[in-house]
Amino acid sequence: MGEKGIAFFSGGKDGLYALHLAEESGIDVPYLLALKTTIGLSPHWENLGPLKTLAEATGKELLTFDMGSGSGALAEFIGSLGVDYLIAGDVLLEDHRKWVEGLAEKAGIDALEPIWGRNTLGLAENMLKDGFEWAIIAVDREKLPHKALGYTFRSKDDLEGFLEAYPHVDPVGEFGEFHTVVLASPLFEERFELEINSVEEGDRYHWLRFGLVRA
């Protein structure tokens, strides 16, 4: 029996790339885990329908958990699944990495952070090189204009164009400048196009309600 994992899943590029690297290392990941947060609106959770479409494209089981039940209950839930690793896509945010590690410890398994500490420009370039494509579905109102919503990264030229327009922004949005949804990756059997239904405005974000159309 090989090692198994469960991966945090929001539909965004960092978590899915971490999942991809974990599988490349030989870990079987049958479960994706989406969290309903208690710390404000989540543009990802608000688009749970399209995220279910992405999860189906990976062939994995999507599990959801309401954080209103608390981290202890989440750890107990994860520990009941018979997995060896909790996989997350943190890069530079130490507090969140520590939370993941503590959660995994309580669940009796190991935390796995495949992209931790990487140079973020190099990370974005590697994602594109490995066949990942993504679009922006939320922007921090204080850091990016709403016109950046829907911007799609399919090539290095797209990445360079974005950074030329917004040089103050981290290449992967690691500090919350923007959030993404993945449109293509080696994890999917198909590619998607972003279908914008509406632009919404919250306390922190401009964000999209969107659909995913099979390309």
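Two strands count as paired if DSSP finds at least two bridges between them, and helices (H or I, at least four residues) and strands (E, at least two) are simply DSSP runs, numbered from the N terminus. The model looked at here is predicted, so local features need pLDDT of at least 70 and side-chain atom pairs count only at pLDDT 80 or more, while totals for chains, interfaces and linings use all residues. Residues are numbered from 1 along each chain as its sequence is written, and side-chain values use heavy atoms, with hydrogens and water left out.

On that basis, the protein chain has six helices and 10 strands. Its C-alpha atoms fill a box of roughly 45 × 35 × 30 Å along the principal axes.

Strands β2 (residues 28-36) and β3 (residues 61-66) run parallel and are joined by six bridges. One of the residues involved is Y31, whose bridge partner in β3 is E61. Together with helix α2 (residues 48-58), β2 and β3 make a right-handed β-α-β unit; right-handed here means that, with the strands pointing away from the viewer, the path from the first strand over the helix to the second runs clockwise.

As for burial, 51% of the 215 residues of the protein chain count as buried, meaning under 20% relative accessible area (1.4 Å probe, protein chains only).

The lining of the largest pocket draws at least two residues from each of β1 (4-8), α1 (13-24), β2, α2, α4 (94-107), β8 (178-184) and β10 (205-214). Helix α1 gives the largest share, five residues.

Key:
Buried means under 20% relative accessible area, exposed over 50%, partly exposed in between (1.4 Å probe, protein chains only).
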